[in-house]
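Colleague: Please take one part of this protein and go through it closely. I would like the sheet and what surrounds it, then a helix pair for contrast.

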Amino acid sequence: MSFSSELKEDLLHMPPEKACDLRAELAALTQTSASLGFRGGGRITVTYRTENAALARRIFRMLRGLRLAPQLHFVEHARLGGRKTCVLTVEGDDASALLREMGMMEDTAEGPALRRTTPHVPVSRQCCRQAYLRGAFLGAGAITGPDRGYHMEWVCQDEAMAQTLRRTLEHSGIPGIVYQRRGRTVVCLKNAQHIADALALMGAARARMALEDIRIRRQTRGNINRANNCDEHNDQRMIDASERQVRDIVLISVERGLFTLPPELQQLAQARLEHPEMGLQQLGQQLTPPLSKSGVNSRMRRLTRVAEEVRQRLEKGGNARGTAEHSGGSAEGLADAGRAGDRLPGGEVPLPADDRPGRVAGERPLPAGAGVPGEDGGRAGD
Ligand SMILES: [Zn+2]
């Protein structure tokens, strides 16, 4: 099984816990995997298509969770070696109800009217962002195995989805790279730390561990080689200290995500991971602006304290996320946008071009569980 499939498998085992998250994930799946059909008499159907039967079941359950009755059938592709596409169709009043839930349809004096052709639901809360990212990855994501380099991507149906994704990632300090590939907009991450943070955000612990594991092995190897080659660094105490620091940083990274650290600690953590062979003074020169040895030392002690806190929480069996320091933007520059690793999906019928008439005044509040009105207004499909 590819690393992508394994990650999806894990995500498929995480049911959305709250109504707001169900809506956020379904919005992402609607963006990536659904098309609208227009019949006579203004009737609209919403059709989800996927070759992943487990994903079809998940969408089915989510629709049932909204008290809708989707119809499921299969289309077999004789030419593609009998591969099956699962097709879920929502029609009639259920389609209108679904489009209302997705913020695409509104009631007017003349009856319900389609306002947008792409979902528009709140994703400003952390829980909803996680759910949105999960849905978007299940519907349109791919990731390269960590042994083959670092690449994670979402192939978007339209620019609106790319922008929502980019903003959702950016909110957690993960700078996504947006570029065009064969007429599609792709959002990708090329930096190991950003990928690790995105996996943490989606709650994908296993994939994240696999990634960290390989990173540590690479770093340790680099560390030993460099230590052997260079007398100046051949100081066992320094190497021991560095290894302890790397372990602390990896622990924070795995349990909380480095994006939960203040920017100055993120930068130091990043530098330490990249340069395990350096002494504190030299490490300080890698920072912008450069920092003295004692400055680096005091920040390093703060990192150690955070790691200590994480360890204590884990020992108590609590949630390691607990009292994360505030989240800040990553100071790191963007890696270059390259080619895809194992890319997915293609083949889905895209929603028609976005012809929504701009933001509608006096938006209808969503039912209980939807995002808090007035919260910073991040919405899927903005
Ligand atoms: Zn939520």
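Modeller: Here is the sheet, then a loop residue, the core and a helix pair.

This is a predicted model, in which local features need pLDDT of at least 70, side-chain atom pairs count only at pLDDT 80 or more, and totals for chains, interfaces and linings use all residues. Residues are numbered from 1 along each chain as its sequence is written.

The protein has 12 helices and 10 strands. These are DSSP runs, numbered from the N terminus: helices are H or I with at least four residues, strands are E with at least two.

Strand 8 (residues 152-156) pairs with strand 10 in the antiparallel sense over 5 bridges. Pairing here requires that DSSP finds at least two bridges between two strands. W154 has V187 in strand 10 as its bridge partner.

Next, the loop between strand 10 (184-189) and helix 7 (192-202), which holds N191. N191 is buried, with 20 other C-beta atoms within 10 Å. The cut-offs are 20 or more such atoms for buried, 12 or fewer for exposed, and partly exposed in between, with C-beta atoms placed from the backbone. The C-alpha atoms of N191 and P175 are 9.5 Å apart, at 16 residues along the chain.

Then the core. The largest nonpolar core has 86 residues; A24, Y132, C156, I195, A198 and L199 touch the most other members. Such a core is a set of buried Ala, Val, Leu, Ile, Met, Phe, Trp, Tyr and Cys residues joined through C-beta atoms within 7 Å. Leaving aside neighbours within four places in sequence, I195 contacts Y150, M152, L189 and L211. Contact means C-beta atoms, placed from the backbone, within 7 Å.

Last, the helix pair. The axes of helix 10 (residues 263-274) and helix 12 (residues 293-315) come within 10 Å and cross at roughly 95°. Axes are lines fitted to C-alpha atoms, for helices over the stretch in contact; angles run from 0 to 180 degrees between N-to-C directions. The two helices are therefore roughly perpendicular, a label covering 65 to 115 degrees. E264, L265, L268 and A269 in helix 10 meet V296, R299, M300, R302 and L303 in helix 12.

Terms used: Parallel < 35°, antiparallel > 145°, perpendicular 65-115°, else oblique. Contact = placed C-beta atoms within 7 Å.
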